[in-house]
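Hi everyone, thanks for coming. Let me put the sequence and structure up on the screen, and then we can walk through a few places together.

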Amino acid sequence: SVSSIVPESCLLIVVGLLVGGLIKGVGEKPPILKSDIFFLFLLPPIILDAGYFLPLRPFTENLGTILIFAVVGTLWNAFFLGGLMYAVCQLGGPGLNHIGLLANLLFGSIISAVDPVAVLAVFEEIHINELLHILVFGESLLNDAVTVVLYHLFEEFANFEQVTILDIILGFLSFFVVSLGGVLVGVIYGVIAAFTSRFTSHIRVIEPLFVFLYSYMAYLSAELFHLSGIMALIAAGVVMRPYVEANISHKSHTTIKYFLKMWSSVSETLIFIFLGVSTVAGHHYWNWTFVISTLFFCLIARVLGVLVLTWFINKFRIVKLTPKDQFIIAYGGLRGAIAFSLGYLLDYEHFGMRDMFLTAIITVIFFTVFVQGMTIRPLVDLLAVKKKQETKRSINEEIHTQFLDHLLTGIEDICGHYGHHHWKDKLNRFNKKYVKKCLIAGERSKEPQLIAFYHKMEMKQAIELVESGGIGKIPSAVSTVSIQNINPQTLPLERVLPALSKDKEEEIRKILRTNLQKTRQRLRSYNRHTLVADPYEEAWNQMLLRRQKARQLEQKMNNYLTVPAHRLDSPTMSRARIGSDPLAYEPKEDSENLPIITIDPASPQSPESVDLMSEEPKGCGGLPPSPEEDEDGLVMRVKEPSSPGTDDVFTPGTGDSPSNQRMLRCLSDPGPRPEPEEGEPFIPKGQ
């Protein structure tokens with residue numbers, strides 16, 4: 001019941017205090033957490049566990065935010081705190097006047113960094129959502145490079161008689177050397193570990209050893225050259241994991257997982273217990289002004305840094321950080337054993353105020369771990385901050401995640417914007433084309449990501465069934481491949497396909513043909529000009545058109561081909577005008593007894609198409625004059641084309657011939673492809 005209220009790290013520190021007090025009570029000298037033991041043996045397992053099982057996707061998606069908090073935020077905390085503490089020392093009386101600016105800046109760089117051990121211990125228990133967890137934890141991992149650079153920089157500057165501009169510039173450049181150098185060392189050892197695991201198929205027992213060995217060598221190599229050992233460990237774990245897991249056996253994977261968890265848990269327990277013991281055993285110098293000012297300015301610097309940086313970050317983030325998120329990030333900036341060990345490393349020769357620094361550091365650690373660590377869970381519940389949802393990944397989720405990645409990559413390519421998804425896709429292509437072939441043995445190097453994920457899910461489900469004792473009730477979803485992987489047997493070099501009889505093969509082919517052939521037939525795309533006409537539909541269309549537009553056609557067709565005559569022009573000029581552009585003349589009133597000119601529509605633009613022999617006055621030839629046709633001008637009649645034949649359903653009316661229907665359709669919607677019967681005249685027949 002106590003552990004549900006008080007974090008485990010607080011209880012361990014209390015245990016350390018009790019053990020230290022007991023040892024001191026019996027007259028013995030309690031052991032102190034030495035920096036060499038801490039940095040060489042206790043810290044690496046915790047960082048390797050965090051780096052090897054780092055949730056890579058949320059980490060990379062929020063890498064920009066994490067780097068801003070880790071680099072800019074830590075620099076702000078160090079210089080803000082160091083500058084204010086220097087002012088406090090100058091105003092604080094005779095006991096503090098001798099502490100210079102460099103010593104205060106060194107103290108600020110030690111106490112400003114968020115501690116990954118303390119953050120892990122507290123945040124794992126409150127089950128905060130993934131975004132906040134990766135922001136605070138990622139900051140605590142990556143700010144190591146800034147802390148190492150500032151610590152060594154101010155430590156070296158303290159020995160100088162005078163600090164020049166060149167020293168400051170070199171110190172600034174050393175940050176890039178320390179951080180990028182640590183990452184490079186980690187990547188090199190990660191690739192070597194992955195390449196070594198390719199050849200361990202016949203000695204499965206020592207596979208986990210290579211993971212621990214190369215990771216620890218990466219850490220030691222980085223520390224040897226004063227590079228960031230934490231960055232090297234994280235890089236080694238992230239790089240080696242996908243390739244190592246593809247090569248090693250399942251038993252080796254289980255060994256690595258549980259051994260890392262156990263090792264990091266033991267280290268974490270020892271660190272907090274030793275913190276308590278060292279508090280009792282160490283030499284302390286208490287100065288109320290210095291200690292209280294340190295605690296107050298630590299909180300102020302953290303809050304101001306988070307608020308200002310979040311305001312800037314939210315201008316570029318799609319998912320904004322809300323005020324609740326900002327409060328949790330600021331409140332979760334816990335300090336821990338790294339700050340204590342760095343303070344313990346200080347030399348008495350150059351830093352006579354080391355005991356006061358250690359007392360202030362332990363006070364800040366106890367305040368952040370006890371007060372903030374104990375109250376963060378009730379505050380998370382009070383503010384209703386989103387908790388972590390334990391959900392199992394599914395094939396469906398993996399498919400949609402990959403689909404969205406491809407979609408966003410395509411959108412970035414179309415926009416010409418080389419963003420996060422574009423470079424991620426480039427890296428995945430390079431990894432698939434070159435790196436996997438070198439670092440993964442056998443056919444697994446060519447296995448698609450989705451299939452590999454399915455095999456992993458299948459294996460996990462099979463193991464859960466075996467552990468629960470349900471091996472006799474294995475569902476069909478779990479294949480025999482998973483069960484063989486649990487109890488590995490000697491497999492042949494090549495995978496032999498089961499032999500099928502001819503009847504069975506033919507039956508499978510028949511099923512595939514009947515079910516898959518339909519999906520492979522390509523349908524012609526819709527085009528209104530190439531649709532096949534139904535004869536019955538044509539008949540119904542004729543009937544509808546005749547009923548709806550009979551009156552309109554009777555009124556319009558009489559005036560459609562009427563051309564006005566120019567009063568001053570001669571008949572020859574009038575005929576030429578009519579032949580060149582019969583539609584340009586509007587009907588005139590008061591036209592009587594005008595001759596009818598029959599025009600061959602084959603070439604209506606030429607005046608020779610006018611048939612002068614067929615001119616006759618209206619009323620002759622059996623055509624009675626109608627009142628609507630008493631207009632001033634020439635009336636053209638088109639020659640009767642050859643009859644296209646009558647329809648079986650309807651007898652075509654005067655305005656309902658197929659050519660009339662075609663003309664109306666062409667006028668309403670002229671298509672690009674000519675119809676077969678388009679040799680007939682364009683101008684409809686007269687009444």
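Let's begin with threonine 359, which sits in helix H16. Before we go on, please keep in mind that this is a predicted model. Is threonine 359 buried or exposed? Its relative accessibility is 5%, and buried means under 20%, so threonine 359 counts as buried.

Who does it touch? Setting aside the neighbours within four places in sequence, threonine 359 is in contact with His284, Tyr285 and Trp286. There is also valine 291: it lies 68 residues from threonine 359 in sequence, yet their C-alpha atoms are 7.7 Å apart in space.

The largest one has 122 residues, and the members that touch the most others are Phe38, Leu43, Phe123 and Phe290. Which helix gives the most to this core? That is helix H16, residues 354-383, with 13 residues.

Let's pick out phenylalanine 123. Leaving aside neighbours within four places in sequence, it is in contact with Ile128, His133, Val136, Ile328, Gly332 and Ile376.

Now for a pair of helices. How do H10 and H11 pack? Helix H10 covers residues 207-224 and helix H11 residues 229-247; the angle is about 155°, and the axes are 9 Å apart. Angles over 145 degrees count as roughly antiparallel, and H10 and H11 are therefore roughly antiparallel to each other. Their crossing is right-handed.

On the H10 side, the contact is made by Glu207, Val211, Ser215, Ala218, Tyr219, Ala222 and Glu223. From H11 come Gly229, Ile230, Ala232, Leu233, Ala236, Met240, Val244 and Asn247. By type, the residues of this contact are 10 nonpolar, 3 polar and 2 charged.

In the loop between H10 and H11 you'll find histidine 226. Its phi is positive, about 60°, although it is not a glycine. With 47% relative accessibility, histidine 226 counts as partly exposed.

Where is histidine 127? Look in the loop between helix H6 (116-126) and helix H7 (130-142). Histidine 127 has a phi near 55°, a positive value in a residue other than glycine. Its relative accessible area is 45%, so histidine 127 is partly exposed.

That's my tour, and I'm happy to go back to any of these spots.

How values were computed
Residues are numbered from 1 along each chain as its sequence is written. This is a predicted model: local features need pLDDT of at least 70, side-chain atom pairs count only at pLDDT 80 or more; totals for chains, interfaces and linings use all residues. Side-chain values use heavy atoms; hydrogens and water are left out. Axes are lines fitted to C-alpha atoms, for helices over the stretch in contact, and angles run from 0 to 180 degrees between N-to-C directions. Helices (H or I, at least four residues) and strands (E, at least two) are DSSP runs, numbered from the N terminus. Angles under 35 degrees count as roughly parallel, over 145 as roughly antiparallel, 65 to 115 as roughly perpendicular and the rest as oblique. A crossing is left-handed if the near helix is turned anticlockwise from the far one by less than a right angle, and right-handed if clockwise. Contact means heavy atoms within 4.5 Å. Ala, Val, Leu, Ile, Met, Phe, Trp, Tyr, Cys and Pro count as nonpolar, Asp, Glu, Lys and Arg as charged, and the others, Gly among them, as polar. A nonpolar core is a set of buried Ala, Val, Leu, Ile, Met, Phe, Trp, Tyr and Cys residues joined through side-chain atoms within 4.5 Å. Buried means under 20% relative accessible area, exposed over 50%, partly exposed in between (1.4 Å probe, protein chains only).
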